[in-house]
Amino acid sequence: MTRIVVLATGGTISSRTSGEGGSRAKDTAADLISALRDHGLDDFSFDGSPTGIELESEDIAVQNSFNFSFADLSRITHAIARILSREDVDGVVVTNGTDTMEETLALLGFTHDDPRPVVLTGAQRSPDHSDSDGPRNLYDAIRTAAAPASRDQGVLLVFGGEIHSALGLRKRHTLAPQPFGHRSAGSLGVVLESGPRYFTKALTPVPLPLPNAEFEEQRVDMVLGYPGADAALMHAALEAGATGVVVLGAGAGNPGVPLTDAIAQASAQGVLVGLGTRTGAGPVAVIYGGGGAVDAVAAGAVPLGDLPATQARILMALLLSTHAPSQARDQLQARLSPRT
């Protein structure tokens with residue numbers, strides 16, 4: 001018998017129309033598993049009967065992910081580590097809101113240190129929708145977590161019939177049934193009626209320590225470059241006590257002169273600055289001067305390569321929680337060129 005723990009955190013997969021207005025997270029992990037039976041996806045067991053996969057349920061939160069803080073992400077990560085400390089568990093499935101799925105994936109992807117798979121999933125349409133995608137996504141995620149082929153693949157996302165590795169992943173569409181994709185790579189595999197089928201092996205990083213209390217206290221802000229952008233938002237972040245800032249430049253990572261000047265000021269103050277791009281695909285490329293990425297890097301920014309800024313922010317906070325700023329900068333560069 002393969003034992004999979006389903007850890008629920010809320011999100012659209014658990015949300016229903018509320019009398020308070022809009023759709024809000026409500027269903028528990030047990031509710032989500034019960035819904036599998038309602039959809040005829042019931043070849044799992046709670047009582048040890050010989051179906052091959054036995055499920056447990058646990059709730060870490062019941063909220064929509066756009067309200068998550070670093071502390072919430074840390075609680076999810078530590079809950080998974082606790083579950084995997086049990087020898088009788090073969091994998092963990094985590095239901096998570098899609099809005100900030102990429103941040104949860106990043107924290108888990110950078111810290112997961114176990115051959116057993118952790119598989120995230122969710123939904124684009126809530127369970128009270130006439131065509132909810134939650135049950136099928138959860139069913140596919142459970143089968144993926146239970147498959148021997150998923151061992152040593154690290155942290156995964158299963159969504160819309162596709163299997164993706166955690167790092168480099170972005171939510172690219174607000175409403176599409178399959179909203180996720182990598183900036184510079186395709187999926188690892190697909191989920192067929194016979195189970196998961198992998199096309200390739202995931203590249204997993206050297207794991208970092210689990211998040212500590214210092215991680216939860218880090219302030220890493222994001223500042224967008226755009227025509228007419230001055231440094232007001234960058235200065236506001238510094239005044240608010242940011243230990244790190246991700247600057248999203250235009251094109252291949254070109255912030256403009258005011259922001260490159262502010263990057264130099266931030267770096268001089270010991271603030272870690274990452275240089276990302278506001279575009280949806282492709283890496284940061286150090287090509288242009290005159291306020292472009294060449295000047296931003298010279299001012300002290302670390303180009304983030306093809307790692308999405310949302311995930312780089314998590315990595316920066318992890319590094320800053322255990323290293324001095326200069327050491328965190330060196331570690332960030334080492335992990336991004338190439339990513340390890």
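**Salt bridges and helices in a predicted model**

The side chains of Arg 125 and Asp 131 form a salt bridge, with 3.7 Å from N to O. A salt bridge here is a side-chain nitrogen of Lys or Arg within 4 Å of a carboxyl oxygen of Asp or Glu. Asp 131 is partly exposed, at a relative accessible area of 46%.

Residues are numbered from 1 along each chain as its sequence is written, and side-chain values use heavy atoms, with hydrogens and water left out.

Side chains of opposite charge can pair when their charged atoms come close. The structure holds 15 salt bridges. One of them joins Glu 54 and Arg 3, at 3.4 Å from N to O. This pair links distant parts of the chain. Glu 54 sits in strand β4 (residues 53–63), Arg 3 sits in strand β1 (residues 2–10), and 51 residues separate them. Strands (E, at least two residues) and helices (H or I, at least four) are DSSP runs, numbered from the N terminus. Glu 54 counts as buried because its relative accessibility is 12%.

Now take Arg 86 and Asp 88. Their side chains meet in a salt bridge of 2.9 Å, N to O. Arg 86 is partly exposed at 29%. Asp 88 is partly exposed too, at 39%. Salt bridges with shared partners tie Arg 3, Glu 54, Glu 56, Arg 86 and Asp 88 into one network.

Helix α2 covers residues 70–84, 15 residues in total. The expected span is 1.5 Å times one less than the number of residues. For α2 that gives 21 Å, and its end C-alpha atoms are 21 Å apart, which agrees. Buried residues of α2 include Phe 70, Leu 73, Ile 76, Ile 80 and Leu 84.

Two packed helices are described by the angle between their axes and the distance between the axes. Helix α9 (residues 309–320) and helix α10 (residues 325–336) pack at about 135 degrees, with axes 9 Å apart. Axes are lines fitted to C-alpha atoms, for helices over the stretch in contact, and angles run from 0 to 180 degrees between N-to-C directions. The contact (heavy atoms within 4.5 Å) involves residues including Leu 315 and Leu 319 of α9 and Ala 328 and Leu 332 of α10.

Note on methods:
This is a predicted model: local features need pLDDT of at least 70, side-chain atom pairs count only at pLDDT 80 or more; totals for chains, interfaces and linings use all residues. Buried means under 20% relative accessible area, exposed over 50%, partly exposed in between (1.4 Å probe, protein chains only).
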